[in-house]
There are 2 protein chains.
Amino acid sequence: MDPDAVSKAFVEHYYSTFDTNRTGLAGLYHETSMLTFEGQKFQGAQNITNKIAGLPFQQCQHQITTVDCQPSGPAGGMLVFVSGNLQLAGEHHALKFSQMFHLMPTPQGSFYVLNDIFRLNYA
Amino acid sequence: MDPDAVSKAFVEHYYSTFDTNRTGLAGLYHETSMLTFEGQKFQGAQNITNKIAGLPFQQCQHQITTVDCQPSGPAGGMLVFVSGNLQLAGEHHALKFSQMFHLMPTPQGSFYVLNDIFRLNYA
């Protein structure tokens, strides 16, 4: 397993799902998963998906600038740190954001998101 | 242990040490620690401290905008996500940055930095 390839594939999958079918992200989170979105805390796949699906914009497009990853310890997890731009429909200027994910392996050989922290980077 | 209080104390300690005595950060890293600094990877306390101490500016000041934290799993670790401004001596404009730390507990009841990822947020 090449961690850089895994993290890049995860990031592409995550944001393309976010931009086309937000509720499709539910399968990436488990009951122990945590999201901190602009300082607001959510736990569990359902609460997290409700938050993401309920964000007050209909269409958006994420453009990724950087992806960094590191193994997070002996449990086989992986930290993925993303920076990029978020373009909302009807807005002239994109918003800059940073986001980190802590991916943990599943028994099926895939990964789920244990930790997710999102922040807009205001200019 | 209040995770928010621990992460806030860590962040204050980390950046005040960075801004006054960068080599003093060595004690926060272990041999397994990893730093990804603007995409460059370093491992081990000595290599990481060499990188930080060798950054091409003499004086700097970090101003913290946000600190978010989450527990990282059953091993007792903590993820700390920071955004802020980095003011370099002699520069008019501060640089915006985002940084994440994965803190792991030590047998002495303290924490060390297992993972550290730093990115400037270019406008």
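**View 1. Salt bridges across the model.** Over all chains, the count comes to six salt bridges, a salt bridge being a side-chain nitrogen of Lys or Arg within 4 Å of a carboxyl oxygen of Asp or Glu. Four salt bridges are found across the interface of chain A and chain B. This is a predicted model, in which local features need pLDDT of at least 70 and side-chain atom pairs count only at pLDDT 80 or more, while totals for chains, interfaces and linings use all residues; side-chain values use heavy atoms, without hydrogens and water. Residues are numbered from 1 along each chain as its sequence is written, and chains are lettered from A and ligands numbered from 1 in the order in which they are written.

**View 2. The D4(A)–K41(B) salt bridge.** D4(A) and K41(B) join their side chains in a salt bridge, 3.5 Å from N to O. The pair crosses between chains: D4(A) sits in helix α1 of chain A, K41(B) in strand β2 of chain B. Helices (H or I, at least four residues) and strands (E, at least two) are DSSP runs, numbered from the N terminus. D4(A) is partly exposed because its relative accessibility is 39%. K41(B) has a relative accessible area of 52%, so this residue is exposed. The classes are buried under 20% relative accessible area, exposed over 50% and partly exposed in between (1.4 Å probe, protein chains only).

**View 3. The K41(A)–D4(B) salt bridge.** K41(A) and D4(B) form a salt bridge, with 3.5 Å between the closest N and O atoms. K41(A) is exposed because its relative accessible area is 52%. D4(B), at 39% relative accessibility, counts as partly exposed.

**View 4. E12(A) in helix α1 of chain A.** E12(A) pairs with K8(A) in a salt bridge, the closest N and O atoms being 3.1 Å apart. Both E12(A) and K8(A) belong to helix α1 of chain A; four residues, about one turn of the helix, separate them. E12(A) counts as partly exposed because its relative accessibility is 47%. Q63(A) is 51 residues from E12(A) in sequence, and their C-alpha atoms are 9.8 Å apart.

**View 5. V6(A) in helix α1 of chain A.** V6(A) is placed in helix α1, residues 3–20 of chain A. Leaving aside neighbours within four places in sequence, V6(A) is in contact with M1(A), M78(A) and F111(A). Contact means heavy atoms within 4.5 Å. Between the C-alpha atoms of V6(A) and A94(A) the separation is 27 Å, and the two residues are 88 apart along the chain.

**View 6. N85(A) in strand β4 of chain A.** N85(A) is part of strand β4. N85(A) counts as buried because its relative accessibility is 18%. Its side chain makes a polar contact of 3.4 Å with the side chain of K96(A). A polar contact is a pair of N or O atoms within 3.5 Å; within protein, one must be able to donate a hydrogen and the other to accept it, and residues adjacent in sequence count only if both atoms are side-chain atoms. Leaving aside neighbours within four places in sequence, the residues in contact with N85(A) include Q61(A), H62(A), T65(A) and F97(A).

**View 7. E38 in both chains.** E38(A) has a positive phi of about 50°, although this residue is not a glycine. E38(A) lies in the loop between β1 and β2 (40–43) of chain A. With a relative accessible area of 24%, E38(A) is partly exposed. In chain B, phi of E38(B) is also positive, near 50°. E38(B) lies in the loop between β1 (29–37) and β2 (40–43) of chain B. E38(B) is partly exposed, at a relative accessible area of 25%.

**View 8. The interface of chain A and chain B.** Chain A gives 28 residues to the contact, and chain B gives 28 residues. Together the chains bury about 2300 Å², 59% of it on carbon and sulfur atoms. Q70(A), F81(A) and R119(A) supply 26% of the area that chain A buries against chain B, more than any other three residues. Buried area is the accessible area (1.4 Å probe) that two parts lose on being put together, summed over both. Between the chains, 13 residue pairs are in polar contact, both residues at pLDDT 80 or more. Elements giving two or more residues to the chain A side are β1 (29–37), β3 (60–71), β4 (78–88), β5 (95–105) and β6 (111–120). That side has eleven nonpolar, eleven polar and six charged residues. Here Ala, Val, Leu, Ile, Met, Phe, Trp, Tyr, Cys and Pro count as nonpolar, Asp, Glu, Lys and Arg as charged, and the others, Gly among them, as polar.

**View 9. Symmetry of the two copies.** Chain A superposes on chain B by a rotation of 180° with 0.0 Å of shift along its axis (RMSD 0.0 Å). The two copies are therefore related as by a two-fold rotation axis. Superposition is by least squares on the C-alpha atoms of residues with pLDDT of at least 70 in both. The copies meet through the same surface, because 100% of the interface residues of chain A are also interface residues in chain B.
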